[in-house]
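Visitor: Hi! I'm new to this one, could you walk me through it?

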Amino acid sequence: PPQEIRTNAELIQVTCKRAADLTSKLLAFSRLGSEVVETTDVHGLVAEVTAILERSIDKRIKLVSDLAAEHRIVQCDSSQLQSALLNLGLNARDAMPEGGRLIIETRNAEYSELDVAEEAGVAPGQYVQLSVTDTGTGMPPEIRERVFEPFFTTKQAGHGTGLGLPMVYGFARQSGGHVTIYSEAGKGTTVNIYLPRSLEGAEAERNAQPATDEHAGHGE
């Protein structure tokens with residue numbers, strides 16, 4: 001077709017795609033109160049997310065995963081957790097246009113009554129902490145304080161909806177956990193998701209542990 005018609009058609013196509021993306025995120029945001037709670041193996045899910053990110057990030061970005069050896073079972077909506085990690089990974093990619101390091105870590109965390117006093121609304125207990133760290137541009141305090149506000153974004157028009165981090169925050173809170181963010185301009189960003197450990201999962205982990213060498217050979 002004539003170039004003018006073709007240009008207009010392509011613009012319509014791009015605009016519709018952006019509208020569809022925004023609608024999808026709005027629907028996901030509205031469904032935050034109706035999650036499917038299930039037993040989720042954090043390490044298995046991180047492996048899936050890592051495989052997706054490896055195909056989506058610049059080769060100048062080194063992707064590293066550092067997973068704790070135990071306590072990896074949580075109770076949450078696994079699809080929402082996957083979306084949260086993907087969102088954080090892609091945000092980290094965008095913060096490193098010249099390359100850098102993207103690190104996904106898991107570790108065990110425990111909150112006491114004293115800790116909870118400093119983190120309003122967080123129940124005391126044992127958590128699995130998932131951290132996504134980048135060595136990118138980072139954020140000044142005035143931006144960092146607003147990142148969980150719905151529709152707040154620093155990206156150019158058409159390149160961000162401002163719903164990504166609020167969805168991560170909403171998912172963590174409705175799962176009985178919470179989110180913290182540490183960032184400094186020019187020094188990168190770390191986002192930590194804390195999810196309550198599954199007691200049933202912890203028992204299964206203990207039962208699945210192989211016998212140690214301490215008892216090897218006894219009873220013969």
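Guide: Let's go through the sheet, the helices and the rings in turn.

Guide: This is a predicted model, where local features need pLDDT of at least 70, side-chain atom pairs count only at pLDDT 80 or more, and totals for chains, interfaces and linings use all residues. Residues are numbered from 1 along each chain as its sequence is written, and side-chain values use heavy atoms, with hydrogens and water left out.

Visitor: Okay, in what order do the strands of the open sheet come?

Guide: The order is β2-β4-β5-β7-β6, five strands with mixed pairing. Helices (H or I, at least four residues) and strands (E, at least two) are DSSP runs, numbered from the N terminus. Two strands pair if DSSP finds at least two bridges between them.

Visitor: Which are the edge strands?

Guide: β2 (61-66) and β6 (178-183), each of which pairs on one side only. On average, neighbouring strands of this sheet are turned by 20 degrees against each other, direction ignored. Axes here are lines fitted to C-alpha atoms, for helices over the stretch in contact, and angles run from 0 to 180 degrees between N-to-C directions.

Visitor: Do tell me about the pairing. Do β2 and β4 run parallel or antiparallel?

Guide: They run parallel, joined by six bridges. Valine 64 has isoleucine 103 in β4 as its bridge partner. β4 and β5, on the other hand, run antiparallel with 10 bridges, and threonine 106 stands opposite leucine 130 in β5.

Visitor: And how many bridges are there between β6 and β7?

Guide: Six, in the antiparallel sense. Tyrosine 182 stands opposite threonine 190 in β7.

Visitor: Which helix lies across β2, β4 and β5?

Guide: That's α2 (residues 42-54), which runs at about 165 degrees to β4. Helix α6 (residues 164-174) also packs on the sheet, touching β6 and β7, and its direction makes about 140 degrees with that of β6. Contact means heavy atoms within 4.5 Å.

Visitor: Is α6 mostly covered or mostly exposed, and how many of its residues are buried?

Guide: Mostly covered: eight of its 11 residues are buried. Buried means under 20% relative accessible area, exposed over 50%, and partly exposed in between (1.4 Å probe, protein chains only). Among the buried ones are Leu165, Met167, Val168 and Phe171. Glutamine 174, also in α6, counts as partly exposed because its relative accessibility is 27%. After α6 comes glycine 176, whose phi is positive, near 90 degrees.

Visitor: Switching to α3: how many residues does it have?

Guide: Helix α3 (residues 78-94) has 17 residues and reaches 24 Å from its first C-alpha to its last, close to the 24 Å expected at 1.5 Å a residue. That expected span is 1.5 Å times one less than the number of residues. Its buried residues include Leu81, Ala84, Leu85 and Leu88.

Visitor: At what angle do α3 and α6 pack?

Guide: About 145 degrees, with their axes 10 Å apart. In α3, residues including Leu81, Ala84 and Leu88 meet a group in α6 that includes Leu165, Val168 and Phe171.

Visitor: Last topic, rings! How many aromatic pairs are there?

Guide: The structure holds three. Rings of Phe, Tyr and Trp (its six-membered ring) pair if their centres lie within 6.5 Å; planes under 30 degrees apart count as stacked, over 60 as edge-to-face and the rest as tilted. Tyrosine 111 and tyrosine 127 have ring centres 5.5 Å apart and planes at 80 degrees, so this pair is edge-to-face. Tyrosine 111 lies in β4 (residues 100-111) and tyrosine 127 in β5 (residues 125-134), so the pair ties together parts that are 16 residues apart in sequence.

Visitor: What about tyrosine 111 and tyrosine 194?

Guide: They form an edge-to-face pair too, 5.5 Å centre to centre with 85 degrees between the planes. This one links distant parts of the chain, with tyrosine 194 in β7 (residues 189-196), 83 residues from tyrosine 111.

Visitor: Is tyrosine 127 buried or exposed?

Guide: Buried, at 3% relative accessibility. Tyrosine 111 counts as buried at 13%, and tyrosine 194 counts as buried at 7%.
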